[in-house]
Amino acid sequence: MFAKLAQAGLLVAALGVAGCTESSVGDFAPQHANRQLSPKIVAEMSKKGMSRTAPVMARIFKEEGKLEIWKQKTNGRYDIIASYDICKWSGKLGPKYTEGDRQAPEGFYTVRPAQMKPNSQYHLAFNIGYPNAYDRANGRTGSNLMVHGACSSSGCYSMTDPQIEEIYAFGRDAFKGGQTEFQIQAFPFRMTAANMARYRNDPNYEFWKMLKVGYDNFEVTKVPPKVDVCEKRYVFNQVAAEGQSFNPSATCPATTQPDSLKMAYGAYQSTYEAAFNSAINSSIPAPRPTIAGLKEANIVSDWTRKRARGERVTMEPPSLSSDGTLTETTTRMGRIDSPAGRKMAALDAEKAAKKKAEEEKIAAAAAAKAAKELAQQQLAAEKAAAKAAQEQPATVAAQPPAEAAPAAEVQTAQSDGTVSKLKKRLLGMFGG
């Protein structure tokens, strides 16, 4: 199988690097670009059947934060020789869409000697070759995407300086050994059944399923897959029929593939499908944030352009939430390091001062209104008290006649008694 793969041109490999001229590979002026691999690594390579100048390739896993170096053994297969913790990578899980979206690319990339940059301002660097044929066919843009040192990233994969020196040495030595290009496989995560099940509802899932075909081909063969693009999609380990070729935007040609590879890949997929079905009901840990397609990429790209102009923007770019609404990851504003930025800051300060003055004016008006209402309430209370005081004497004066009434009644009663007695006497005198 592997002899057929080699005959079909399937032995391709890669590391990511930053652009310069062909002569830069043989003219390593900076001392750190000439760093030799440690005796420990050299001994490990010898133990695994690898020569110092044997071909290499790299694999990157965003979620796990790992960059792996794989090296070819004498039997033609590759084996891992080093693994590094990625110091920083920017953006979210998902591919790069457009210039300025700060996304670290995902896909299959190729690095040639001209892409090595020993004089990088980031210590050492490798341009990973974005955009590739797939990216261009799908209208994706961007440039200068690197694996570099200095532990600082804006769309790249950044390592520490000692790490990049070692990674650079692997690539440099492979070029010296005759390898003409390296392959970098950049994935959002290790494409296991469990991880694919976790992200099965993600908007980037179909893209990741496509990458997984290349991932699986490497897992089966331990040989970097032959990568082509047709119908705006990746195809792996396919050999075009005689007289036909792959065109990134055209219909895919008729292809063939070694039977042994088909059988090995089919058996691998059967095991994977069973594991995937078992993992569907288990999504722990929860998926990490992913880019919401071109819409979010354009939003971040606009933020990047404003930032580049020195405009006053938030420290981190905005993002889209799952319901499509725009959210700010932070309210902290970035540095102002340009005339445009300073002008914007002055305008912002003026707006803030006007807003504060308006708020103070409203608050003062509200306080004045409240004081007026309170004064009116107090005045009304005072008037009510005065009225009550005036009405109190009149009530007292009206009471004596009512109290004298019983005396008048007694006098009347007494008078009535005298009349009665006089009446009786008269009646007596006249025989009544």
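1. Leaving aside neighbours within four places in sequence, which residues is Pro248 in contact with? They are Ala133, Ala137, Val229, Cys230, Glu231 and Lys232, where contact means heavy atoms within 4.5 Å. Pro248 itself lies in the loop between β13 and β14 (255-256). Helices (H or I, at least four residues) and strands (E, at least two) are DSSP runs, numbered from the N terminus.

2. A word on the basis of these points. This is a predicted model, in which local features need pLDDT of at least 70 and side-chain atom pairs count only at pLDDT 80 or more, while totals for chains, interfaces and linings use all residues. Residues are numbered from 1 along each chain as its sequence is written, and side-chain values use heavy atoms, with hydrogens and water left out.

3. The chain contains 10 helices and 16 strands. Of its 432 residues, 41% count as buried; buried means under 20% relative accessible area, exposed over 50%, and partly exposed in between (1.4 Å probe, protein chains only). The chain exposes about 23,200 Å², and carbon and sulfur atoms supply 55% of that area. Accessible areas come from the Shrake-Rupley method with a 1.4 Å probe; for residues, only the protein chains shown count as cover. Among contacts with a separation of 6 or more, 63% are between residues 24 or more positions apart.

4. The C-alpha atoms of Pro248 and Cys230 are separated by 4.0 Å, although the two residues are 18 apart along the chain. Pro248 counts as partly exposed because its relative accessibility is 25%.

5. Lys232, one of the contacts of Pro248, lies in the loop between β11 (227-230) and β12 (233-236). Lys232 is not a glycine, yet has a positive phi of about 60°. Its relative accessibility is 42%, so Lys232 counts as partly exposed.

6. Asn237 is found in the loop between β12 and β13 (239-240). Asn237 also is not a glycine and has a positive phi, of about 55°. Why does Asn237 count as buried? Because its relative accessibility is 2%.

7. Where is the cis peptide bond that involves Pro131? The bond joins Tyr130 and Pro131, and omega is about 0°. Pro131 lies in the loop between β7 (125-127) and α3 (133-137).

8. Arg77 is found in the loop between β2 (66-72) and β3 (78-85).

9. The last point concerns a pair of helices. The axes of α6 (residues 205-221) and α7 (residues 259-279) come within 10 Å and cross at roughly 125°. Axes are lines fitted to C-alpha atoms, for helices over the stretch in contact, and angles run from 0 to 180 degrees between N-to-C directions. The two helices are therefore oblique to each other: angles under 35 degrees count as roughly parallel, over 145 as roughly antiparallel, 65 to 115 as roughly perpendicular and the rest as oblique.

10. In this contact, residues of α6 including Tyr205, Lys212 and Val213 meet residues of α7 including Leu261, Ala264 and Tyr265. The residues of the contact divide into 10 nonpolar, 3 polar and 3 charged. Here Ala, Val, Leu, Ile, Met, Phe, Trp, Tyr, Cys and Pro count as nonpolar, Asp, Glu, Lys and Arg as charged, and the others, Gly among them, as polar.
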